[in-house]
Amino acid sequence: MWVGYFVYIFYRIKAKSKLEIWEVASHLFIFFFYGSLILFGSVDSYGFRMFIPATFIVLAFSFMACDRLMKRE
């Protein structure tokens, strides 16, 4: 899933096209959500459930990367 997300980011950077506002908002949410969890979060009390909200957004970008890879071939 994370590999697909980073493949999507790589293709967007490689294409040098302007990001749409929903993409910028989604990427900022993912970076700030996980960044704040890593820097300030105490995972031991709530467990892995703290990571789930942004996982679904990462999964969607992963599917878009897979779709782009399949169309390329």
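Which side chains meet in a salt bridge at 3.0 Å, N to O? The side chains of Glu23 and Arg12 do.

## Basis of the model

This is a predicted model, in which local features need pLDDT of at least 70 and side-chain atom pairs count only at pLDDT 80 or more, while totals for chains, interfaces and linings use all residues. Residues are numbered from 1 along each chain as its sequence is written, and side-chain values use heavy atoms, with hydrogens and water left out.

## Overall layout

The protein chain has four helices and zero strands, in the order α-α-α-α along the sequence. Helices (H or I, at least four residues) and strands (E, at least two) are DSSP runs, numbered from the N terminus. Along the principal axes, the C-alpha atoms fill a box of roughly 45 × 20 × 15 Å.

Of the 73 residues in the protein chain, 25% are buried. Buried means under 20% relative accessible area, exposed means over 50%, and partly exposed lies in between (1.4 Å probe, protein chains only). Among contacts (heavy atoms within 4.5 Å) with a separation of 6 or more, 63% join residues 24 or more positions apart.

## Salt bridges and Arg12

A salt bridge is a side-chain nitrogen of Lys or Arg within 4 Å of a carboxyl oxygen of Asp or Glu. By this rule there are two salt bridges. Glu23 lies in helix H2 and Arg12 in helix H1, so the pair ties together parts that are 11 residues apart in sequence. Both Glu23 and Arg12 are buried, Arg12 with a relative accessible area of 15%. The side chain of Arg12 also reaches the backbone oxygen of Lys18 at 3.3 Å. Leaving aside neighbours within four places in sequence, Arg12 is in contact with residues including Ser17, Leu19 and Arg68.

Asp67 and Lys71 also meet in a salt bridge, at 3.6 Å, N to O. These two residues are four apart in helix H4, a separation of about one helical turn. Asp67 is partly exposed at 39% relative accessible area, whereas Lys71 is exposed at 64%.

## Aromatic rings

Rings of Phe, Tyr and Trp (its six-membered ring) pair if their centres lie within 6.5 Å; planes under 30 degrees apart count as stacked, over 60 as edge-to-face and the rest as tilted. The count by this rule is 11 aromatic pairs. In one of them, the ring centres of Trp22 and Phe61 are 6.0 Å apart and the planes are at 5 degrees, so the pair is stacked. Trp22 lies in helix H2 (residues 21-40) and Phe61 in helix H4 (residues 52-72), so the pair ties together parts that are 39 residues apart in sequence.

Trp22 is partly exposed, at 38% relative accessible area, and Phe61 is buried, at 1%. Ring pairs link these two residues into a cluster whose members include Trp2, Tyr5, Phe29 and Tyr34.

## Surface

Accessible areas come from the Shrake-Rupley method with a 1.4 Å probe; for residues, only the protein chains shown count as cover.

Leu19, Ile21, Trp22, Val24, Leu28, Phe32 and Met64 make a nonpolar surface patch of about 670 Å². Patches are made of residues with over 30% relative accessible area and no salt bridge: like charges are joined within 9 Å, nonpolar side chains (Val, Leu, Ile, Met, Phe, Trp, Tyr) within 5 Å. H2 gives the largest share of the nonpolar patch, five residues. Leu19 sits in the loop between helix H1 (2-15) and H2 and is partly exposed, with a relative accessible area of 36%.

Note on methods
A polar contact is a pair of N or O atoms within 3.5 Å; within protein, one must be able to donate a hydrogen and the other to accept it, and residues adjacent in sequence count only if both atoms are side-chain atoms.
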